[in-house]
Amino acid sequence: MKKISVSELRIGDKVVKLDKGWFETGLLTHKFTVKDTAVIQKLKDNGVSDVFIEKDDLEAAVIDIFQGKPEEIIEHKKEIISKNYINLGEVSNARTLYTESVKIVHSVLGDIRSGKMFNENAVKSVASNIAEITLKNRGVMASMTKLKYHDNYTFLHSMNVSIFASSLAAHLGMNKDEIELIAQAGLLHDAGKMLVPIEILNKPGKLTEEEFKIMKNHVILGYEYLVKQGLPKKMLNLVLQHHERYDGSGYPQGLKDEQISVEGKIGAVVDIYDAITSDRCYHKGIEPPAALKLMFRWTDSHINKKIFEFFVMNVGIYPVGSLVLLDTNELAVVGRMNTVRPTEPSVLVFMDKVGRRIPVQMVDLSKNILHKKKILGPVNPENINIPDEVYFS
Ligand SMILES: [Fe+2]
């Protein structure tokens, strides 16, 4: 990485960082390839005087050239997946952090329901842990959202939105303080649901028109509650705008894309993703690739396309031959794709949960309904000795 002044920039240079924070400019991304002089002018107009450039920054290049369908994005994703590798040494820390954090979210939201002030420091410390782990390694916290926890949906959803939003913020180039604010906002984005009557919140069937109106009001209720606590505007943006939609069809204000803040756009994408991929009492969550395809169709109506593309690059896929960690703590290599259920390929397990080599065993993750194993995420193969027989079995 090299620091140069904006006037030294040339077409083709890959900018990876600006001398200003994410919130200090009107630019959507701080990572891009300079394609024409208009970009240089735009930087100057935004008060940027110095930039950091990097030659052959694959991620910047991929992000910049990409303008395609989810399938193509997923293809490109293979090249940048290394950013999302799970660091094995951090898995147990992340697991403890996730479980402990869900408990804190549970108690914070419980306080809001009972009319008390919530513990702001508790929220801050959860957010700061999420931001710290996310900055070190984006995949590890995101993999926790795939574990099954027996807790109320709203608490898990708040935690997952916080994790996905932080990871997306990191991917967009935000700094640690900014990511922490996004993480806090994610934890509190549905605080207003705690002020909606519990019979409506937990109603298993379809809501009546009147009930839906009350439910939609959770945005305003949450916003007003958090305004009273004097939270920063950037956080409130995510809370207030996570149900706004690209074409103005959202609520509560019916804002259009250009009126929605970046935080609001991040909130919308990750909120929709977690909601449609999670199991609820009245429907089973859909698989991530199917969810991404569905969301891609909504980029003309509901979601900002650019933010969505960044998000797609940020969630995992498992190509054949890649090393993965299972929820049993076993290590395996993806052996065969499952085209109907892409997140449940056949894998070749070669290491048990305590790190001992075992005879290679092919496991079809879509079978074995009783003891179904799941992939938590990709692992960096650099320091792992993958036995040759994996590739010949
Ligand atoms: Fe919401």
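Strands β5 and β6 are paired antiparallel through three bridges; two strands count as paired if DSSP finds at least two bridges between them. Helices (H or I, at least four residues) and strands (E, at least two) are DSSP runs, numbered from the N terminus. The model is predicted: local features need pLDDT of at least 70, side-chain atom pairs count only at pLDDT 80 or more, and totals for chains, interfaces and linings use all residues. Residue numbers start from 1 along each chain as its sequence is written.

**The β5–β6 hairpin**

- Four residues separate β5 and β6, which form a hairpin.
- Within this pair, Leu325 stands opposite Leu331 of β6.
- Asn329 is located in the loop that links β5 (323–326) to β6 (331–336).
- The phi angle of Asn329 is near 80 degrees, a positive value in a residue other than glycine.
- Asn329 counts as partly exposed because it has 16 C-beta neighbours inside 10 Å. By the criterion applied, a residue is buried if 20 or more other C-beta atoms lie within 10 Å of its own, exposed if 12 or fewer, and partly exposed in between, with C-beta atoms placed from the backbone.

- β5 and β9 (residues 375–378) run antiparallel and are joined by three bridges.
- The bridge partner of Leu326 in β9 is Ile375.

**The four-stranded sheet**

- A further open sheet contains four strands in the order β1-β4-β2-β3, and its pairing is antiparallel.
- β1 (2–5) and β3 (32–33) are at the edges with a single partner strand each, so one side of each is left without a neighbour in the sheet.
- Three bridges connect β2 (residues 14–18) with β4 (residues 50–53) in the antiparallel sense.
- Lys17 has Phe52 of β4 as its bridge partner.

- Gly47 lies in the loop between α1 (37–45) and β4.
- Gly47 counts as exposed because it has 12 C-beta neighbours inside 10 Å.
- Although 27 residues apart in sequence, Gly47 and Lys20 are 8.5 Å apart in space, C-alpha to C-alpha.

- Helix α13 (residues 262–277) comprises 16 residues and reaches 23 Å from its first C-alpha to its last, close to the expected 22 Å at 1.5 Å a residue; the expected span is 1.5 Å times one less than the number of residues in the helix.
- Of the 16 residues of α13, 14 are buried, so the helix is largely enclosed by the rest of the structure.
- Pro252 is in the loop between α12 (233–241) and α13.
- The peptide bond from Tyr251 to Pro252 is cis, with omega near 5 degrees.
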